[in-house]
Amino acid sequence: MSEQPDPMSMRASDADRERVAQVLHKAMADGRLTVSELDERLAGLYKAKTFGELVPFTRDLPDAPVPMPVVPAVGGQLSPMVGGSATSTASMAIMSQTVRSGDWVVPAHYTASAFMGEVKLDLRDAGFEAAECTITATAIMGAIRIIVPPDLTVRIDGIGFMGEFKRAADGPGVPGSPVLRITGLALMAEVSVKRRPRKPNPRQLDR
């Protein structure tokens, strides 16, 4: 069996360097870096060749995501990407249905709420803002359905009361994969988490 490649030794792309640059610009805007410090770090950043060389530029910044590549996993699957800015922070369905799928970035903390409705989250083509992200799922007389790729590490600790919080997808992913924690409450409702392989059409969501 072939060994997993060291993610930190893999070559970074221009897009990877730009994601780190965005973190540095935000740190300067927040007053964590001076203009001269920003210029100095950017000069070194654009010379960085590997993911390991990107890490020191944000190591002293709070809540800065560690840049990680997409690495081959078992069966040719791809490990999800860590880094980038979150594209949304919540999904809500009240007597309706809400679907989030395709190419998006899951924030460090995401809230999904279904009240007599249904929320569907497909993470198979999603990136992750941080190495560990949490989805708080609250379903009341409704349903929340979450689809995750087979290589993602998933930890499920939600509670079902007169309902069900399914835990079949709980378990480790490939080495170095992000950790997704799913917690919350299913009250007279269902929260389900299923592992599914990536599909040719990333926007097609399983039922």
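Predicted model: local features only at pLDDT ≥ 70, side-chain atom pairs only at ≥ 80, totals over all residues.

Biologist: How many helices and strands does the protein chain have?

Modeller: The protein chain has three helices and 13 strands. Helices (H or I, at least four residues) and strands (E, at least two) are DSSP runs, numbered from the N terminus.

Biologist: What percentage of the residues count as buried?

Modeller: Of the 207 residues in the protein chain, 44% count as buried. Buried means under 20% relative accessible area, exposed over 50%, and partly exposed in between (1.4 Å probe, protein chains only).

Biologist: And what share of the contacts comes from residues 24 or more positions apart?

Modeller: Such pairs account for 64% of the contacts in the protein chain with a separation of 6 or more. Contact means heavy atoms within 4.5 Å.

Biologist: Let us turn to helix 1. What span does helix 1 reach from its first C-alpha to its last?

Modeller: Helix 1 has 16 residues and reaches 22 Å, close to the 22 Å expected at 1.5 Å a residue. The expected span is 1.5 Å times one less than the number of residues in the helix.

Biologist: Which residues of helix 1 are buried?

Modeller: D16, R17, V20, A21, L24 and A27 are buried in helix 1. Seen down the axis of helix 1, its buried residues fall within an arc of 140 degrees, so they line one face of the helix. The arc is that of the directions from the helix axis to the C-beta atoms. Turned away from that buried side, the face of helix 1 carries the exposed residues D14, K26 and A29.

Biologist: What do the buried residues of helix 1 pack against?

Modeller: They pack against helix 2 and helix 3.

Biologist: At roughly what angle do the axes of helix 1 and helix 2 cross?

Modeller: The axes of helix 1 (residues 14-29) and helix 2 (residues 35-45) cross at roughly 175 degrees and come within 10 Å. That makes helix 1 roughly antiparallel to helix 2. Angles under 35 degrees count as roughly parallel, over 145 as roughly antiparallel, 65 to 115 as roughly perpendicular and the rest as oblique. The axes are lines fitted to C-alpha atoms, for helices over the stretch in contact, and angles run from 0 to 180 degrees between N-to-C directions.

Biologist: Which residues make that contact?

Modeller: Helix 1 contributes R17, V20, A21, L24, H25 and M28, while helix 2 contributes V35, L38, R41, L42 and L45.

Biologist: Which residues of helix 2 are buried?

Modeller: L38, R41, L42 and L45 are buried in helix 2. They cover an arc of only 100 degrees around the axis, which puts them on the same side of helix 2. On the other side of helix 2, S36 and E40 are exposed. What covers the buried residues of helix 2 includes helix 1 and helix 3.

Biologist: Is K47 buried or exposed?

Modeller: K47 counts as exposed, at 63% relative accessibility. K47 lies in the loop between helix 2 and helix 3 (51-54).

Biologist: A change of topic: what is phi at M116?

Modeller: Phi of M116 is near 55 degrees, a positive value in a residue other than glycine. Most residues other than glycine have a negative phi. M116 is found in the loop between strand 4 (109-115) and strand 5 (118-122), and M116 is partly exposed, with a relative accessible area of 48%.

Biologist: And what about M141?

Modeller: M141 has a phi near 50 degrees, again a positive value in a residue other than glycine. M141 lies in the loop between strand 7 (132-140) and strand 8 (143-148), and M141 is partly exposed at 46% relative accessible area.

Biologist: Lastly, what does A143 touch?

Modeller: Not counting residues up to four places away in sequence, A143 touches A114, G117, E118, V119 and E190. A143 is in strand 8 and is buried, with a relative accessible area of 9%.

Notes:
Residues numbered from 1 in each chain as written. Heavy atoms only, no water.
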